[in-house]
Amino acid sequence: MLEDDFTYVIRKALRGLALSPGEAALRAGLVPAEVTALIDGRFSATVAKKLAPTLGLGPDALERYPGYAPKPQLLHTLRRVDIPFEDGQVNAWLLREDDVTILFDTGFSPGSCAKALDAVQAFKIDATFITHGHRDHTGGLPEIRKRSREVYGPAHDPMPGVKPMAPGDSVRVGALTIAAFDLAGHCAGALGYRIEGLTRPVCVVGDALFAGSIGGCTGPETYATALKNLREGLLKMPDRTLLLPGHGPATTVGEERKGNPFLA
């Protein structure tokens, strides 16, 4: 199930462009009530496709969005650790490759993190990587510090016991290399992590991207930064690159290039 339905996509685009629904409607040649109906959850493919160019969204992708369901084939060594967060969930991603165990993000609280990791028998971790400083991804750090030999995270958000990484930095863990790249926008200083040494390219993207959507941004400046980093940091990667978001299902660069309205 996608993290964002079409109403979130439209609202995120409006906020990112600092457009009111009425202003967007006028620019698109629509009646304001038609845009309001979309925001309220009454989907019209015709209205969505006509509105999309005004919002900088892919018209075909937005028109088809309610049926979008990426189905990437996960590597058998990768596992999504589903951790409760308020009324929803947050992802941590666990990679077990040869004799190495690597975790990405920690969940919302030490207790929920411990319970989720115990369930998959992740008692000892060689390295943990934090994508960004928001509480739902860092709240489990007190528990992770007990289990993980090393913890790395964005230099922009210093955290006790966490070694800083900046875009362009990389860390060798066993036979794998974890390379950090810039995914700021949704969160200042956020990092994506490219995992090198697997049988296919894999990127952990935190909340910068969800299947079919992106992380919410506070305004036009951060929104422009988010889109720039996604287009320059992800869309230049091979279509088969597996993308592991902070919420919702995994996806691929190829699927997002066609089905994500923000990137299509």
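This is a predicted model: local features need pLDDT of at least 70, side-chain atom pairs count only at pLDDT 80 or more; totals for chains, interfaces and linings use all residues.
Biologist: Which residues of H2 are buried?
Modeller: Ala24, Ala25 and Ala28 are buried in H2. Buried means under 20% relative accessible area, exposed means over 50%, and partly exposed lies in between, with a 1.4 Å probe and protein chains only.

Biologist: Where do the buried residues of H2 lie around its axis?
Modeller: Seen down the axis of H2, the buried residues fall within an arc of 100°, so they line one face of the helix. The arc is that of the directions from the helix axis to the C-beta atoms. Leu26 and Arg27 are exposed on the other side of H2.

Biologist: What do the buried residues of H2 pack against?
Modeller: They pack against H1, helix H3 (32-39) and helix H4 (45-51). Contact means heavy atoms within 4.5 Å.

Biologist: Which side chain does Arg27 meet in a salt bridge?
Modeller: The side chain of Arg27 meets that of Glu23, at 2.8 Å from N to O. A salt bridge is a side-chain nitrogen of Lys or Arg within 4 Å of a carboxyl oxygen of Asp or Glu. Both residues lie in helix H2 (residues 21-28), 4 residues apart, which is about one turn of the helix. Glu23 is partly exposed at 32% relative accessibility, whereas Arg27 is exposed at 56%.

Biologist: How many salt bridges are there by that rule?
Modeller: The count comes to 13 salt bridges. Asp118, Glu143, Lys146 and Arg147 are linked in a network of them.

Biologist: And which residue does Asp239 form one with?
Modeller: Asp239 forms a salt bridge with Arg257, with the closest N and O atoms 2.8 Å apart. This pair links distant parts of the chain, 18 residues apart: Asp239 is in the loop between H9 and strand E13 (242-245), and Arg257 is in helix H10 (residues 253-259). Asp239 is partly exposed at 41% relative accessible area, and Arg257 is partly exposed at 29%.

Biologist: Is Asp4, which meets Lys12 in a salt bridge, buried or exposed?
Modeller: Asp4 is buried, with a relative accessible area of 3%. Lys12 is buried as well, at 11%. Their side chains meet at 2.5 Å, N to O.

Biologist: Changing topic, how much space lies in the largest pocket?
Modeller: About 270 Å³ of space lies in the largest pocket. Of the 17 residues that line it, the closest to its centre are Glu3, Asp4, Lys12, Phe210 and His247. H1 and strand E2 (88-97) each supply at least two residues of the lining. On a 1 Å grid over the protein atoms alone, a pocket is an open set of points where a 1.4 Å probe fits, with protein on both sides within 12 Å along at least five of seven lines, and lining residues have an atom within 4 Å of a point. Grid points are joined across faces, edges and corners, and the volume is the space filled by probe spheres set on the points.

Biologist: How many residues does H1 have?
Modeller: H1 has 12 residues and reaches 17 Å from its first C-alpha to its last, close to the 16 Å expected. The expected span is 1.5 Å times one less than the number of residues. The buried residues of H1 are Phe6, Thr7, Val9, Ile10, Lys12, Ala13, Leu14 and Gly16. H1 is followed by Ala18, whose phi is positive, near 55°.

Biologist: Which residues of H9 are buried?
Modeller: Tyr223, Ala226, Leu227, Asn229, Leu230 and Gly233 are buried in H9. They cover an arc of only 165° around the axis, which puts them on the same side of H9. What covers them includes helix H1 (6-17) and strand E8 (176-182).

Conventions. Residues are numbered from 1 along each chain as its sequence is written. Side-chain values use heavy atoms; hydrogens and water are left out.
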